[in-house]
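This report describes selected elements of secondary structure and the way they pack. The sequence and the structure are shown first.

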Amino acid sequence: MDWLHAIFQKSPESALFLSLAIGYAIGKLTLGKFQLGGVAGSLLAAVIISQVGVEIDNGVKAVMFAVFIYAVGYESGPQFFNSLNRNSLREIAMAVFMAVAGLVTVVVLARIFGLDKGIAAGLAAGGMTQSAIIGTAGDAITKLGLPPDQVKTLQANVAIGYAVTYVFGSLGAIIVCVNILPRFMGADLKSDAKKVEAAMHGGLPQFGPGQAGALPRLVGRLFRVTAAAGKTIKDIEVGGEDLVTVEKLQRGGKPIDVTQDTVLEADDLVLLVGRRDAMVPTALVIGEEVADAEGMGMVMQTRRAVFTRHGLNNKPLGEIVANISREMRHGVYLERIERYDHALPILPDLKLQHGDIITFYGTPADTKRAAQRAGYELVPSEKTDFVYFGAGVLVGLLIGLLVVRIGSIPLTLGAGGGALLSGLVFGWARSKHPMYGAMPTAACQLLKDFGLAAFVAIVGINSGLQAVDTLRHSGLTIFLLGAVVTLLPLFLTMLFGRYVLKYDNAALLAGALAGSRSANPAFGGILDKAESPVPTVPFAITYALANVLLTLLGPLVVGFV
């Protein structure tokens, strides 16, 4: 392996990209429904590659983590601050309880078994599958004023604890949320989700990438008027309960202006657009359906908008729609509502939050009007505002320099925690003032994926030699303690949600529990079992909060162990 060592000495960065390539290849392998993922795979690959003998400058590691954690905060900011209200008290309590339970569990185990700060922080990162803790804990360790060799040892131990406990951390959350919780409540996720949908009068089917329903919710149909002769456009539209609209009218081969008072005549051609459930009964009172006719085609558009309307935050969807005039909502249909990258059920009782993404369907003019009314249009863009981005990261790094001492215990957010806090504020400010601070979704995702994977890989490369030695001596102990860190907070939070917060629906409690652990694999399993987006509503709130609260466990564990 001397030739490989020689290459890495001349080009250490090649070891980093080799770790990423091998790590993500490993991460794609599946065992049933479990997938290790690229981040954990990169860490394992980096530890193996480190045995050749290579080290990467820690400045690169610091930059990678700073951009990753800022992007996490930037993306979560609008949802995080919007979640802090009276309507989300149960979800806030769930997320806070989970974070506290995790912190107490780690600290108690560390003191009982004499674990150092690094191993303890690694248990928190892997056992609770919050990779960002590796960075926030590592930053906090550098602020302890310890000798460089000791700092390196503790940071290496963080990576060791994470690597040994991460796999069961993911599997344990799936087992508890998908299998144990429904049995504990004596319920079924699918049936409980259907109960919520029935109570709220509707539901939205969940489709994967590239999938669509065979019976689309919104349709357009062309008719030749027979039975509806003598009726006005208003009669037709109100007869469909405002869920269908006449978009085009042709008489004798010539277009006719469509107004509410226009009277239909026999043999007129009318183009109707609307919801399928309203279209079917409306079609029966119009006449014969026609496959096509020259001049009756029409371009329809889907337009995405960020909901920021003043005074309507956390208002039920049904109440918002009822207070909009018929003229304003005419021809506009809700196709999709997303919160934190997850589709929500389009139901009357769904409380819209600032930062939700609403997809409107209709003519270009109608959807433009609706987007402006809701907030602002989410225009696809490939450009990032690097002035805003650079200032945000800088502010976060400066916040990370602050250290507060409680007695002899130094507490600091570190560069990671500071960048996270700055990202939250800058992301929230961007949602309020969309003219500044643009960062396309794809760019934000790249910063998160590459930043975290590169950071973790560098940790593995720089500490791999020592990691293997520690693993030989205490690997089984670390694994078992990690299992406790995974399961105990989940069980305690489940009991807290059921008996204190009074969750009586298994689908809602499962969503809230998975979100409070930011456990995406578990949430995927919940959606699969529930066959409904109902668990998404509590998950979106607790997930946004957990991304922040669990990340901050890093410096807290370092401070209290």
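## Strand S13 and its partners

In this predicted model, strand S8 (residues 301–307) pairs with strand S13 in the antiparallel sense, and six bridges link the two. Within this pairing, Gln301 has Gly362 of S13 as its bridge partner. Strand S13 also runs antiparallel to strand S10 (residues 333–339), to which five bridges join it. Here Tyr333 stands opposite Tyr361 in S13.

Strand S13 spans residues 357–362 and is mostly covered, with six of its six residues buried. The burial extends to both faces of the strand. One side carries Ile357, Thr359 and Tyr361, while the other carries Ile358, Phe360 and Gly362, and all of these are buried.

## The five-stranded sheet and helix H11

Five strands form an open sheet in the order S5-S4-S6-S3-S7, with antiparallel pairing. Its edges are strand S5 (254–255) and strand S7 (287–290), each of which pairs on one side only. Helix H11 (residues 276–284) packs on this sheet and touches strand S3 (218–225) as well as S4, S6 and S7. The direction of H11 makes about 145 degrees with that of S6.

Within the sheet, strand S4 (residues 244–251) and strand S6 (residues 269–275) are joined in the antiparallel sense over six bridges. In this pairing, Val246 stands opposite Leu272 of S6.

## The helix pair H6 and H7

Helix H6 (residues 117–127) and helix H7 (residues 132–142) have axes that come within 9 Å and cross at roughly 160 degrees. H6 is therefore roughly antiparallel to H7, since an angle over 145 degrees counts as such. The crossing of the two helices is right-handed.

On the H6 side, the contact is made by Gly118, Ala121, Ala124 and Ala125. These residues meet Ile133, Ile134, Ala137 and Ile141 of H7. By class, the residues of the contact between H6 and H7 comprise seven nonpolar, one polar and no charged.

Notes. Residues numbered from 1 in each chain as written. Predicted model: local features only at pLDDT ≥ 70, side-chain atom pairs only at ≥ 80, totals over all residues. Heavy atoms only, no water. Pairing = 2+ DSSP bridges. Helix = DSSP H or I, 4+ residues; strand = E, 2+ residues; numbered from the N terminus. Contact = heavy atoms within 4.5 Å. Axes fitted to C-alpha atoms, helices over the stretch in contact; angles between N-to-C directions. Parallel < 35°, antiparallel > 145°, perpendicular 65-115°, else oblique. Left-handed = near helix turned anticlockwise from the far one by under 90°. Nonpolar A, V, L, I, M, F, W, Y, C, P; charged D, E, K, R; others polar. Buried < 20%, exposed > 50% of the residue type's maximum accessible area, 1.4 Å probe, protein only.
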